[in-house]
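I am opening a notebook on a structure that is new to me. I will write down what I looked up, entry by entry.

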Amino acid sequence: MYNRRLLVFSILVLSLLVAGLCGHYFQLYQKRLDTTRSIAVSMAYSKAVSLKYSGTFAARFKADLEKAGCDPYRLYQENPARMQYYLHHSSVLAEYLLDLDEALSIMYVSSGIEKPWKLDMALSNIRRFFIHLYQDTNLYMAKRQQVNCSNLPGNETLRELERIFQDLSVELGKLSEPHQQFRGLNKTTIDTLYRLSVTLSNWKP
C-alpha cells in the first residue's frame with residue numbers, strides 16, 4: 001500500500017514538473033515567435049514606405065523614355081546620370097519588393113495564417129515589372145534599339161500603384177504599435193495590388 005502511494009505521488013510530482021517545463025518552454029517559444037513577427041512587421045513597414053513613391057518614379061522614367069522617342073541609348077546620351085539613376089533605382093525597387101514579400105511571409109507564418117496566393121502573385125508581378133524596366137531597358141540601350149512604349153502602364157495605373165503602397169505603409173504602421181495582433185492584410189489592399197500587378201506584368205520591351 002505504501003509503495004503504491006509513493007508511486008502515485010511520484011507520478012503526480014513528475015507530471016507537475018513536466019507541465020511546468022512544457023509551460024516554460026512554450027512561453028519561451030511564444031516570446032521568440034512574437035519577436036520574429038515584430039521584426040518582420042518593422043521590415044515590411046520600412047519597405048512599404050520605401051515603395052511609396054515607386055509610381056512617381058516609374059512615371060518619370062516612362063515620360064523621359066517617351067521624350068527620347070522610346071530610345072534608351074538616346075536618353076543615355078542626353079542625360080547619362082539620369083539614365084544610370086533610373087536603371088539603378090529600378091533594381092533597388094525590385095529588391096525592396098522581394099524584401100517586402102519575405103517579411104510578409106514571416107508575418108503570416110508566425111501568426112498561423114495562410115498567405116493569400118493573390119498577394120504572392122501581386123508582389124511577384126510588380127517585382128518582375130521593375131526587373132524588366134532595368135534589365136531589358138539596359139539591354140536595349142546596349143543594342144541601341146527602341147523599347148516598346150505603347151503598352152507601358154498608364155499614368156493612372158502608376159498613380160494607383162503609389163496610393164496602394166501608401167495605404168499599405170499606413171496599415172503596417174498601425175501593426176507596429178504595441179499589442180497589435182496580425183490577422184492578415186486588408187482584402188481590398190490585396191485585391192488592388194493583384195489587379196495592378198496584372199496590368200504591370202503585361203509590359204515587355
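Before the entries, a note on naming: helices here are DSSP runs of H or I with at least four residues, numbered from the N terminus. I also note that this is a predicted model.

**Entry 1: a serine in a helix**

I looked up Ser197 and found it in helix α7. Is Ser197 buried or exposed? Its relative accessible area is 0%, and buried means under 20%, so Ser197 counts as buried. I then asked what Ser197 touches, not counting residues up to four places away in sequence. The list is Met121, Ala122, Asn125 and Ile126.

**Entry 2: the nonpolar core**

Next I looked at the largest nonpolar core, which has 50 residues. Which of its residues touch the most other members? They are Phe130, Phe165 and Leu172. I checked where the core comes from: α1 (2-50), α2, α4 (80-110), α5, α6 (155-175) and α7 (187-200) are the elements that give two or more residues to it. The largest share is that of α4, with 11 residues.

**Entry 3: the cavity**

Rolling a probe the size of a water molecule over the atoms shows where empty space is left. How many cavities of 30 Å³ or more does the structure hold? I found one. The volume of the largest cavity is about 30 Å³. I listed its lining as Ala58, Lys62, Phe129, Leu133, Leu152, Pro153 and Leu158. Two or more lining residues come from each of α2 (54-67) and α5 (117-143). Sorted by class, the lining has six nonpolar residues, no polar ones and one charged residue.

**Entry 4: aromatic rings**

I turned to ring pairs and counted eight aromatic pairs. One of them joins Tyr85 and Tyr86, with 5.8 Å centre to centre and 45° between the planes, and it is tilted. I looked up how accessible each partner is. Tyr85 has a relative accessible area of 44%, so it is partly exposed. Tyr86 has 4% relative accessibility and therefore counts as buried.

Which residues do ring pairs link into a cluster with Tyr85 and Tyr86? I noted Phe57 and Phe61.

Terms used
Residues are numbered from 1 along each chain as its sequence is written. This is a predicted model: local features need pLDDT of at least 70, side-chain atom pairs count only at pLDDT 80 or more; totals for chains, interfaces and linings use all residues. Side-chain values use heavy atoms; hydrogens and water are left out. On a 1 Å grid over the protein atoms alone, a cavity is a set of points where a 1.4 Å probe fits but cannot get out, and a pocket is an open set with protein on both sides within 12 Å along at least five of seven lines; lining residues have an atom within 4 Å of a point. Grid points are joined across faces, edges and corners, and a volume is the space filled by probe spheres set on the points. Ala, Val, Leu, Ile, Met, Phe, Trp, Tyr, Cys and Pro count as nonpolar, Asp, Glu, Lys and Arg as charged, and the others, Gly among them, as polar. A nonpolar core is a set of buried Ala, Val, Leu, Ile, Met, Phe, Trp, Tyr and Cys residues joined through side-chain atoms within 4.5 Å. Buried means under 20% relative accessible area, exposed over 50%, partly exposed in between (1.4 Å probe, protein chains only). Contact means heavy atoms within 4.5 Å. Rings of Phe, Tyr and Trp (its six-membered ring) pair if their centres lie within 6.5 Å; planes under 30 degrees apart count as stacked, over 60 as edge-to-face and the rest as tilted.
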